[in-house]
Amino acid sequence: MSAEIIDGKAIAAKVREEVARDVEAFTARTGRKPGLATILVGDDPASAVYVANKRRTAGEVGIESFHHELPATATTEEVEALIEQLNADDAVSGILCQLPVPDHLDGVHLTGLIDARKDVDGLTPLSAGYLALGREGLRPCTPAGCMRLLAEAGVDLTGKHAVVIGRSNLFGKPMAQLLLAANATVTIAHSRTADLPAVAASADVLVAAVGRDRMVKADWVKPGAVVIDVGINRSDDGLHGDVDFDAVSEVAAAITPVPGGVGPMTIAMLLRNTLTAAELVAREEALA
Ligand code: NAP
């Protein structure tokens, strides 16, 4: 069997086009643009590139961008004050505090201060709670992107056994919640899981988010399964996922490549979240 390749690059482009069209309609209807505020603390070069990409792509779909840079020496109080200011700013629909922040700051504490209605990363305790309770809210971008990839691949999750390898707050836990909400039967595996290859091989949908180069082998995959590879691992021979792509594509029915699978979806879903946040506020205002 040679698996269908789930083309994240093309699907992300489609999401961006949809968001651009919906932003135009929102702006025509309300007379204002959705706004994304980005906070970059310190001088980590990779973080600077990530934030620049997010701002550029936001501009391409008609989202206004407000960028704030603080020095690596910024105090907790200074970052807190900036987040409070952005929470109160009506021009700002979404706030993103790029992680990691410098070691003397607590990223979980700081992102937790973002108003849940503006939490476009979907990572605050309140957003996590809304997801767990099945309430409306902003969902974390990478898991939301994986759900869109599954939908685009035509995967009906109802009654399927989904195995998520990885239990991080950033990805594994929210991914499991989203799969559960879509009526899959979900197993979350991690570094202490007994007989991980057998657990993985019982999955109809296997999602790997570990950060270990090509860890998932062909005999970990049930023939005909759908495989979503979230891992990003850089080595001397290039960029690889957590899945041994060449071997697994001979067994799986569908698979995401690395690069060009899950990666491009994250920013696309951030843009979608920013528009959703702007729409939620406009709806509240209309009801007030
Ligand atoms: P993380 O916080 O380091 O979590 C890794 C998870 O993998 C943990 O739950 C850990 O288990 C588990 N794990 C580690 N070694 C394992 C093993 N040998 N067997 C089974 N499970 C194992 O990482 P993350 O933030 O979730 O990210 C995971 C990967 O996805 C990384 O490569 C990251 O770069 C990538 N990622 C990509 C995107 C994107 O494409 N935009 C977004 C987010 C993450 P324990 O909890 O037991 O330690």
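Start by selecting Leu239, which sits in strand β10 (residues 238-240); strands here are DSSP runs of E, at least two residues long, numbered from the N terminus. You're looking at a predicted model, where local features need pLDDT of at least 70, side-chain atom pairs count only at pLDDT 80 or more, and totals for chains, interfaces and linings use all residues. Residues are numbered from 1 along each chain as its sequence is written, and side-chain values use heavy atoms, leaving out hydrogens and water.

Next, show what Leu239 touches: Ile232, Asn233, Arg234, Val258 and Pro259, leaving aside residues up to four places away in sequence. Contact means heavy atoms within 4.5 Å.

Now hop to Ile232. Along with Arg167, Ser168, Ser191 and Thr266, Ile232 comes nearest to the ligand among the 20 residues around it (a heavy atom within 4 Å counts as near). That shell splits into nine nonpolar, nine polar and two charged residues.

Zoom in on the polar contacts, pairs of N or O atoms within 3.5 Å:

- Ser191: a polar side-chain atom lies 2.5 Å from a ligand oxygen.
- Arg212: a polar side-chain atom is 3.1 Å from a ligand nitrogen.
- Val230: a backbone N or O atom is 3.5 Å from a ligand oxygen.

Note on methods
A polar contact is a pair of N or O atoms within 3.5 Å; within protein, one must be able to donate a hydrogen and the other to accept it, and residues adjacent in sequence count only if both atoms are side-chain atoms. Ala, Val, Leu, Ile, Met, Phe, Trp, Tyr, Cys and Pro count as nonpolar, Asp, Glu, Lys and Arg as charged, and the others, Gly among them, as polar. Helices (H or I, at least four residues) and strands (E, at least two) are DSSP runs, numbered from the N terminus.
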